[in-house]
Amino acid sequence: MTFDIPNIDEVHTLDPSIDTLPGRCAPYYLAAGEGERHELGGQLITVIARPQDTGGQFGAAYVYGGKGIETPFMSHEQEHRFLYITDGQLQIWLPDETHVLVPGASVAVPPGTPYAYRMLAHRTRFLSWLTVGDGHRWAQAIGRETASHVVDVTGDRPISTGQQSELADQFGVRIHDLEKHQLPPVTGTSLPVGESPYVLDVGEGDRWAGMGQLNTYLARSANTGGTYFAMHTTGGKSPYIPRHFHRAHTENFLCVEGRILLHVNGKELLLTKGDFVHAPAGTVHSFAFDTHHTQMLGLLTTGIFEKFFEYMNEPTSAYVHTEGGDMPFPAAGFAKARAELDLEVVGPPPVRGAVE
């Protein structure tokens with residue numbers, strides 16, 4: 001697969017777009033609620049990344065709805081899908097199993113795997129990540145564009161299975177006539193070896209700790225055909241890291257809780273819950289946590305940078321980060337990352353509040 005990524009030197013010069021989708025592969029910031037919004041069967045789909053915004057690497061959206069909203073079984077023929085719950089409660093069905101997910105839980109669905117979901121609480125919201133983005137384009141095609149940032153419950157327009165199937169083939173989606181068995185809910189605690197569907201309960205996944213932060217792999221490149229990996233990071237207040245960029249992969253930052261300062265090509269951005277930043281290859285960036293108990297979800301395409309977190313941290317069975325104490329910078333691990341991975345340092349950490 002080829003991606004439409006701009007010249008590295010060009011990306012260095014681009015100021016991040018603010019609260020608008022750029023329509024080309026460029027750095028940008030979206031505050032919570034911003035993006036292209038469509039109503040679909042009692043859900044509000046807020047698209048925060050389209051293939052044309054990411055060089056064809058992925059698409060992303062927030063899905064928001066009320067108690068009782070559900071979908072038929074569907075599958076994506078060419079796309080991996082990753083869901084991360086931010087609010088409410090979601091039940092998801094996979095072949096022969098069902099799971100109840102609360103904020104912090106996630107599910108990964110490989111291409112061709114049927115799945116369905118039902119919202120079990122009012123104001124349920126989750127992040128939807130697709131490795132191409134065609135599934136979100138399908139949702140937009142059968143939905144209705146809206147300027148609203150909430151679901152219009154008085155104007156609910158149920159979408160029939162026939163309507164959903166009508167454009168499905170065009171966007172690589174298949175609707176399945178499968179029964180939703182009322183199975184006992186189960187939870188997941190570990191990542192599978194390869195590309196099979198799985199659910200992770202809150203806090204579960206491969207965990208690595210260091211420098212006052214806990215880094216948890218929610219999806220590894222082996223689970224996603226090398227298309228991306230997902231990292232949840234939690235920690236207290238922290239300084240900026242050295243300014244750097246990547247030549248061969250894209251980083252995407254979502255604030256789950258707290259406050260994140262993100263320096264993007266010399267501009268300082270503040271992220272709070274629900275905010276999103278897309279930093280394509282060539283973007284000079286750095287981040288810092290600005291509050292205690294901050295949580296960040298990072299989705300990196302492709303999986304080329306996955307080992308960085310192992311070089312910089314130690315494996316742990318803990319579920320919370322360590323606070324205080326002597327936590328020296330892992331210079332040897334950082335040197336190994338610079339030598340082996342896609343990491344180019346361009347300067348010291350930025351100064352908080354400074355703009356270049």
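These legends go with a set of close-up views of a predicted model.

In this predicted model, local features need pLDDT of at least 70 and side-chain atom pairs count only at pLDDT 80 or more, while totals for chains, interfaces and linings use all residues. Residues are numbered from 1 along each chain as its sequence is written, and side-chain values use heavy atoms, with hydrogens and water left out.

**View 1. An open sheet of nine strands.** Strands here are DSSP runs of E with at least two residues, helices are runs of H or I with at least four, and both are numbered from the N terminus. Two strands pair if DSSP finds at least two bridges between them. Read across the sheet and you get the order β1-β2-β23-β20-β25-β18-β17-β16-β26, with mixed pairing. At the edges sit β1 (17-18) and β26 (314-315), each pairing on one side only.

**View 2. Strand β17 and its two neighbours.** β16 (206-210) and β17 (213-219) run antiparallel and are joined by five bridges. Look for W208, whose bridge partner in β17 is N215. Over with β18, β17 pairs in the antiparallel sense through six bridges, and Y217 stands opposite M231. How many residues of β17 are buried? Seven of the seven are, so β17 is largely enclosed by the rest of the structure. (Buried means under 20% relative accessible area, exposed over 50%, and partly exposed in between, using a 1.4 Å probe and protein chains only.)

**View 3. Two residues with positive phi.** Most residues other than glycine have a negative phi. Now zoom in on M211, which has a positive phi near 50 degrees. M211 belongs to the hairpin of β16 and β17, which has two residues between the strands. With a relative accessible area of 36%, M211 is partly exposed. H293 isn't a glycine either, and its phi is positive at about 60 degrees. You'll find H293 in the loop between β24 (285-289) and β25; it is exposed, at 58% relative accessible area.

View 4. Strand β18 (residues 229-235) and strand β25 (residues 294-301) run antiparallel, joined by seven bridges. F229 stands opposite L300 in β25. Follow the chain to T301 and T302: the peptide bond from T301 to T302 is cis, with omega near 0 degrees. For comparison, most peptide bonds are trans. T302 itself is in the loop between β25 and α4 (308-312).

**View 5. Rings that meet.** Rings of Phe, Tyr and Trp (its six-membered ring) pair if their centres lie within 6.5 Å; planes under 30 degrees apart count as stacked, over 60 as edge-to-face and the rest as tilted. The whole structure holds 13 aromatic pairs. One of them is Y28 with F276: the centres are 5.9 Å apart and the planes at 65 degrees, so this pair is edge-to-face. Y28 in β2 (residues 28-30) and F276 in β23 (residues 276-279) are 248 residues apart, so to speak a link between distant parts of the chain. Both Y28 and F276 are buried. F308 and F309 are edge-to-face as well, at 5.4 Å centre to centre and 90 degrees between the planes. Ring pairs also tie Y217, F229, F305, F308 and F309 into a cluster.

**View 6. Charges over rings.** A charge sits over a ring if NZ of Lys or CZ of Arg is within 6 Å of the ring centre and within 35 degrees of the ring normal. R125 has its charged end over the ring of Y64, 4.2 Å from the centre. R207 lies over the face of Y319, at 4.0 Å from the ring centre.
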